[in-house]
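Hi,

Here is the structure I promised to pass on. My notes follow below it.

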Number of protein chains: 2
Amino acid sequence: MSEPSGRNEPFDAVDVIVTKRGKQRLSDEQIDWVIDAYTRGAVADEQMSALAMAILLNGMDREEIARWTAAMIASGERMDFSSLSRPTADKHSTGGVGDKITLPLAPLVAACGVAVPQLSGRGLGHTGGTLDKLESIPGWRADLSNEDMLRQLEDVGAVICAAGSGLAPADKKLYALRDVTGTVEAIPLIASSIMSKKIAEGTGALVLDVKVGSGAFMKDVDDARELAETMVALGTDAGVTTVALLTNMQVPLGLTAGNALEVRESVEVLDGGGPPDVVELTVALAREMLAAAGREDVDPADALADGRAMDAWRAMISAQGGDPGAALPEAKETHTVEAPADGVLTQLDALKVGVAAWRLGAGRARKEDPVQAAAGVVMHAKPGATVRGGEPLLTLHTDTPERFDRALAALDGAYTIAPEGSRPDLLPLIIDRIAP
Amino acid sequence: MSEPSGRNEPFDAVDVIVTKRGKQRLSDEQIDWVIDAYTRGAVADEQMSALAMAILLNGMDREEIARWTAAMIASGERMDFSSLSRPTADKHSTGGVGDKITLPLAPLVAACGVAVPQLSGRGLGHTGGTLDKLESIPGWRADLSNEDMLRQLEDVGAVICAAGSGLAPADKKLYALRDVTGTVEAIPLIASSIMSKKIAEGTGALVLDVKVGSGAFMKDVDDARELAETMVALGTDAGVTTVALLTNMQVPLGLTAGNALEVRESVEVLDGGGPPDVVELTVALAREMLAAAGREDVDPADALADGRAMDAWRAMISAQGGDPGAALPEAKETHTVEAPADGVLTQLDALKVGVAAWRLGAGRARKEDPVQAAAGVVMHAKPGATVRGGEPLLTLHTDTPERFDRALAALDGAYTIAPEGSRPDLLPLIIDRIAP
């Protein structure tokens with residue numbers, strides 16, 4: 001029985017917090033109000049962080065999450081691609097180490113006739129950001145107007161650019177708050193954050209790559225499945241054809257973690273080479289995107305083999321000012337970690353490699369930090385491979401060699417070399433598929 | 001595995017929050033740091049509110065609460081009454097409706113030879129504040145220097161004044177934050193908030209009046225007992241002789257709720273009259289304070305009967321500039337609520353009466369709001385009494401009659417009149433006693 005605040009608000013933030021604190025459902029009206037009032041500043045950061053912690057610990061049901069997502073979408077503009085001559089499909093990854101899949105995937109899907117409007121972010125913490133990676137290409141720029149984006153989607157079929165500030169501004173504000181208040185790891189908040197942006201972005205189809213393992217938000221399969229199911233339901237209810245793959249992030253993807261290093265590996269994939277896991281996941285996600293957009297008839301493996309995907313990549317990079325033929329930055333210093341003994345590499349921990357790459361300069365601890373384009377880790381073997389003592393296992397790249405010590409400290413226990421004949425005990429690359 | 005913040009702090013606030021979020025113990029070093037850093041502003045409000053919610057939902061053990069309390073005490077100064085010629089004892093109530101007990105109690109105990117250094121607060125919400133009540137006495141002032149306080153304790157034996165800003169500043173900041181973030185009702189935070197102030201205040205003995213019922217923080221006996229046991233352990237460990245009574249707050253204390261109204265009732269008690277429940281609780285708490293201070297030999301009932309308590313009251317009020325003989329403010333308007341039928345009053349809800357008094361102007365919704373000295377509710381019957389239809393049951397007092405409607409709305413369902421022969425089903429006034 002609290003008193004009205006005197007500010008002509010229909011609810012009191014404390015009452016909303018106390019409702020969720022007591023494990024009760026938030027009403028539609030409470031959710032609409034709290035998101036709107038937070039965006040306006042009538043609910044303070046310290047109130048929203050207490051609510052976020054209560055949601056993290058006490059949960060929200062499907063209807064609450066759907067309403068929360070809708071309220072965040074309603075806080076900003078929605079894009080509309082219905083004027084395009086082809087269907088649209090987008091992909092979202094929950095983030096992992098060495099996850100450069102968006103780079104070959106977007107042009108590959110475009111080459112198959114489906115437009116890819118990929119609004120991406122910059123990295124924070126041990127997982128890199130797609131925009132950080134592309135910004136290592138000389139001249140490439142992430143900021144496009146909505147008009148430029150639409151024109152590029154029509155002309156090239158693929159665009160990877162920064163999300164404008166107009167999409168789901170409530171989510172932007174809330175995400176920044178969660179990041180500093182220990183409230184990131186709440187499935188309802190992760191799901192609504194991702195889906196509010198993707199639904200507001202206006203894509204017709206969406207494929208979610210939900211990572212599982214040490215290098216991912218979700219450390220175990222059950223949590224990842226719950227997140228995937230929650231997001232698939234949210235997308236489906238909002239009229240977006242949505243499918244999710246649960247994929248392995250116990251081990252880094254591919255053989256590189258770092259910005260320019262990952263661009264180089266992506267170009268290898270578009271050129272018909274590249275590490276098998278990156279190729280497999282790129283093609284699998286492309287098939288899902290094409291199917292979700294109604295183009296089951298097209299095989300993306302063909303577009304990769306015959307050079308059409310590479311053509312689309314070059315066109316996409318050029319359209320955003322980048323020079324697809326330019327040399328990529330190289331690190332000023334490298335340090336090689338050698339295999340300590342002969343044997344089989346049975347584990348290579350994604351989180352530890354990711355933290356090492358971050359500490360070498362590939363990632364940032366705060367939003368305003370710069371990243372080094374050339375910093376990162378190159379892996380010379382992946383689990384299952386036979387290694388020889390004294391041969392290179394990892395090469396660390398940085399422009400600032402004083403960072404090597406802390407990067408090496410992060411790699412303590414990052415790999416295991418077992419006697420010959422041993423086999424790694426790992427989940428498959430593609431663990432499961434979640435459809436509506 | 002977070003990165004250092006770069007601000008030369010030994011801990012990261014997110015790590016501390018995540019520890020408690022995951023139901024783990026906070027280390028002594030984490031607690032010392034987070035309280036100090038919050039006081040300094042290096043931990044932000046939104047981080048502390050997320051931590052407070054995690055503590056509310058996941059708890060703290062006895063050792064964590066003791067360390068948290070010690071860290072709050074260490075954030076400010078400690079007072080020292082060892083130079084006084086007599087022992088000291090203080091009382092703290094967790095707050096209730098019509099709880100004016102401090103007013104007759106402090107002079108009564110002083111009259112029995114034990115000094116009472118009562119640092120009090122102003123009211124927020126539906127429970128009134130002791131200072132608000134005393135400020136209805138013309139000329140009386142709450143702000144004393146430490147020197148004035150010591151002198152008055154030596155000369156008069158009782159002082160009721162505002163806590164200086166130097167005692168437990170971490171608690172002041174945290175309490176204001178909890179108030180707006182739905183994190184007030186956490187036993188570890190309530191206990192450490194109360195006890196940090198009382199231990200820093202330097203009293204030798206402390207009696208806690210832990211209220212139970214609709215008008216109290218603690219709605220049920222088990223929660224109240226847990227809070228009482230936690231506080232008694234904290235005080236005992238800190239070298240303060242500490243005892244708690246669990247007392248009934250299902251029904252308002254006495255026949256008045258409001259500032260000047262409660263002063264008038266307190267003077268009646270000091271004059272040998274007054275409502276039986278106020279007299280009983282005042283004498284019981286006085287006995288506990290005297291015993292805790294080593295004066296089991298003195299009977300406070302005598303000091304009440306022979307006028308010594310009234311003499312001490314007059315001296316205490318005069319010493320702080322008040323005129324104990326002055327007329328108290330009277331409300332400009334009154335409105336009478338009549339009993340709707342003949343019968344027995346079987347319930348009179350403390351919370352609803354408290355909210356009505358608040359809405360009439362006796363309390364404040366925000367710290368900066370003024371209160372009306374004369375506003376409040378006078379009760380003409382208490383549960384168990386026989387009432388006649390059409391006779392006055394409650395009288396509402398205010399200077400601003402536009403407040404009557406909302407006060408009457410708060411009283412919806414506040415009382416029940418049952419057929420003659422019915423009996424109220426209520427807890428006893430003194431429910432239990434908790435000693436170390």
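Which backbone oxygen does the side chain of B:Lys382 reach at 2.9 Å? That of B:Pro252. A polar contact here is a pair of N or O atoms within 3.5 Å; within protein, one must be able to donate a hydrogen and the other to accept it, and residues adjacent in sequence count only if both atoms are side-chain atoms.

Before the rest, the ground rules. This is a predicted model, where local features need pLDDT of at least 70, side-chain atom pairs count only at pLDDT 80 or more, and totals for chains, interfaces and linings use all residues. Residues are numbered from 1 along each chain as its sequence is written, chains are lettered from A and ligands numbered from 1 in the order written, and side-chain values use heavy atoms, with hydrogens and water left out.

**B:Lys382**
B:Lys382 sits in the loop between β9 (376–379) and β10 (386–387) of chain B. Helices (H or I, at least four residues) and strands (E, at least two) are DSSP runs, numbered from the N terminus. B:Lys382 is buried, at 19% relative accessible area. Buried means under 20%, exposed over 50%, partly exposed in between (1.4 Å probe, protein chains only). Beyond four places in sequence, its contacts (heavy atoms within 4.5 Å) include B:Asp277, B:Leu345 and B:Leu348.

**B:Ala373**
B:Ala373 is in the loop between α15 (350–362) and β9 of chain B. It counts as partly exposed, at 24% relative accessibility. Leaving aside neighbours within four places in sequence, B:Ala373 touches B:Ser136, B:Asn259, B:Ala260 and B:Pro329.

**Helices α9 and α10 of chain B**
The axes of α9 (residues 187–201) and α10 (residues 221–237) come within 9 Å. They cross at roughly 35°. Axes are lines fitted to C-alpha atoms, for helices over the stretch in contact; angles run from 0 to 180 degrees between N-to-C directions. Among the residues making the contact are B:Ile190 and B:Ile194 of α9(B), and B:Leu227 and B:Met231 of α10(B). By class, there are 9 nonpolar, 3 polar and 2 charged residues. Ala, Val, Leu, Ile, Met, Phe, Trp, Tyr, Cys and Pro count as nonpolar, Asp, Glu, Lys and Arg as charged, and the others, Gly among them, as polar.

**Chain A overall**
Chain A has 16 helices and 13 strands. Its C-alpha atoms fill a box of roughly 70 × 50 × 35 Å along the principal axes. Of its 436 residues, 56% count as buried.

Best wishes
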